[in-house]
Amino acid sequence: FYAISDTCVHRGGPLGEGELEGKVVTCPWHGWRYDVVTGANETNASAPIAKFEVKVEGDDLLVGA
């Protein structure tokens, strides 16, 4: 499991509504692509999104802040 910000740094697009292909999510507004493992932007290394620590405890999925 991976957890990232839902907001694209380009223009605030909703990444949760984007398409996920492998480990890359594409913003539905302008096509910016992010690695969900690292938060890195595919074409602009200076524009990553926030990523959060994820931990599985039993049936619970815990996401850090």
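In this predicted model, T26 stands opposite R33 in strand β4, a pairing that belongs to the antiparallel contact between β3, residues 24-26, and β4, which extends over 3 bridges. These two strands take part in an open sheet of 3 strands, while β6 and β7 form a hairpin, and the largest nonpolar core comprises 7 residues.

**The three-stranded sheet**
- The strands of this open sheet follow the order β2-β3-β4, and their pairing is antiparallel.
- Its edge strands are β2, covering residues 19-21, and β4, covering residues 33-35, each of which pairs on one side only.
- Between neighbouring strands of this sheet the average turn is 25°, with direction ignored.
- As a general point, strands of a sheet pair through backbone hydrogen bonds, in either a parallel or an antiparallel manner.

**The β6-β7 hairpin**
- Strand β6, residues 54-57, pairs with strand β7, residues 60-63, in the antiparallel sense over 4 bridges, and within this pairing E57 has D60 of β7 as its bridge partner.
- The hairpin leaves 2 residues between its strands, and G58, which lies in the turn, has a positive phi of about 65°.

**The nonpolar core and L15**
- The largest nonpolar core is made up of C8, L15, V25, C27, Y34, V36 and I49.
- When neighbours within four places in sequence are left aside, L15 is in contact with the core residues C8, V25, C27, Y34 and I49, and the contacts of L15 also include I4, S5, D6 and T7.

How values were computed: Residues numbered from 1 in each chain as written. Predicted model: local features only at pLDDT ≥ 70, side-chain atom pairs only at ≥ 80, totals over all residues. Heavy atoms only, no water. Core = buried A, V, L, I, M, F, W, Y, C linked by side-chain atoms within 4.5 Å. Buried < 20%, exposed > 50% of the residue type's maximum accessible area, 1.4 Å probe, protein only. Contact = heavy atoms within 4.5 Å. Pairing = 2+ DSSP bridges. Axes fitted to C-alpha atoms, helices over the stretch in contact; angles between N-to-C directions.
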